[in-house]
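This briefing goes with the sequence and model shown below. Please keep both at hand while reading the points that follow.

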Amino acid sequence: MRFFSKALIAVSLLSAAFTSLVQASDIEISQAYVREVIPGNSVTSAYMTINNQSSAAIKLVAATSSISPTIEIHEHTMHDGMMKMGQVAGITIGAGEQAVLQPMGLHLMVFDLAAPLKAGQQVTMTLAFEDNQKIDVTMPVRSIKQAKHHH
């Protein structure tokens, strides 16, 4: 009997560990980067694509990082012919869908940076989802200078 209860506990623990790994693997983060800080500023933004490969909707509700005490989810919207930016409570991503965080759209605003970010650095952020799942994302800092495209 004692062996059976130990085996049952071991199987339960392994099952719980495997379940959390599967859930984390259902969310894929790609094309993540942070913009280099404009000289004299302490604010920047972060962008990425979040793919939800699960069979249920997920919701990004927060982001944290050691580089900043405040990271907010923001969105640019057109209002009466004017582009406006404002904080949103989260980003819901349907089953099998993706959310693209990009300039002039959904993005993460990073406030009160502890130190200026320079192109070439790496930054780690923790993305928090409504189901208490957290994913660490390490992303490069990209230059604010846009590459010129010649056609």
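Two residues are in contact when they have heavy atoms within 4.5 Å. With that cut-off, and not counting residues up to four places away in sequence, Ile-144 touches Glu-36, Ile-38 and Pro-39. This is a predicted model, in which local features need pLDDT of at least 70, side-chain atom pairs count only at pLDDT 80 or more, and totals for chains, interfaces and linings use all residues. Residues are numbered from 1 along each chain as its sequence is written, and side-chain values use heavy atoms, with hydrogens and water left out.

**Confidence**

- The chain averages a pLDDT (the predictor's confidence in each residue, from 0 to 100) of 84, and 80% of the residues score at least 70.
- Over residues 3–23 the pLDDT falls below 50, and this stretch has one contact in the model beyond near neighbours in sequence.
- Where pLDDT is low, the predicted coordinates should not be read in detail.

**Overall make-up**

- The chain has one helix and ten strands; helices (H or I, at least four residues) and strands (E, at least two) are DSSP runs, numbered from the N terminus.
- Read from the N terminus, the order of elements is α-β-β-β-β-β-β-β-β-β-β.
- Of the contacts between residues at least 6 apart in sequence, 64% join residues at least 24 apart.
- The accessible surface of the chain is about 9,700 Å², and carbon and sulfur atoms account for 56% of that surface; accessible areas come from the Shrake-Rupley method with a 1.4 Å probe, and for residues only the protein chains shown count as cover.
- Of the 151 residues in the chain, 31% are buried. Buried means under 20% relative accessible area, exposed means over 50%, and partly exposed lies in between (1.4 Å probe, protein chains only).

**Nonpolar core and surface patch**

- A nonpolar core is a set of buried Ala, Val, Leu, Ile, Met, Phe, Trp, Tyr and Cys residues joined through side-chain atoms within 4.5 Å.
- The largest such core has 29 residues, of which Leu-108 and Met-125 touch the most other members.
- Leaving aside neighbours within four places in sequence, Met-125 has contacts that include Val-34, Ala-46, Ile-71, Leu-108, Val-110, Ile-135 and Val-137. Thr-64, Ser-65 and Asp-136 are also among the contacts of Met-125.
- In soluble globular proteins, nonpolar side chains tend to be buried together.
- On the surface, Met-78, Met-83 and Met-104 form a nonpolar patch with about 330 Å² of accessible area together.
- Patches are made of residues with over 30% relative accessible area and no salt bridge; like charges are joined within 9 Å, and nonpolar side chains (Val, Leu, Ile, Met, Phe, Trp, Tyr) within 5 Å. A salt bridge is a side-chain nitrogen of Lys or Arg within 4 Å of a carboxyl oxygen of Asp or Glu.
- Met-78 lies in strand E4 (residues 70–79) and counts as exposed because its relative accessibility is 56%.

**Loops and positive phi**

- Pro-69 sits in the loop between strand E3 (58–64) and E4, and is exposed, with a relative accessible area of 68%.
- Apart from neighbours within four places in sequence, Pro-69 is in contact with Phe-111 and Asp-112.
- The C-alpha atoms of Pro-69 and Ala-114 are separated by 8.4 Å, with the two residues 45 apart along the chain.
- Asp-112 belongs to the loop between strand E8 (106–111) and strand E9 (122–129). Asp-112 is partly exposed, at 47% relative accessibility, and has a positive phi near 50 degrees although not a glycine.
- Gln-121 is in the loop between E8 and E9 and is partly exposed, at 35% relative accessibility.
- Beyond residues up to four places away in sequence, Gln-121 touches Pro-116, Met-139, Pro-140 and Val-141. Gln-121 and Pro-140 are 5.8 Å apart, C-alpha to C-alpha, and 19 residues apart in sequence.
- Gln-31, in strand E1 (residues 27–35), is another non-glycine residue with a positive phi, of about 50 degrees. Gln-31 is exposed, with a relative accessible area of 61%.

- Ile-144 is in the segment after strand E10 (134–142) and counts as partly exposed, at 33% relative accessibility.
- Ile-144 and Glu-36 are 108 residues apart in sequence, with 5.5 Å between their C-alpha atoms.
- Lys-145 is in the segment after E10 and is exposed, at 70% relative accessibility.
- The C-alpha atoms of Lys-145 and Ile-38, 107 residues apart along the chain, are 10.0 Å apart.
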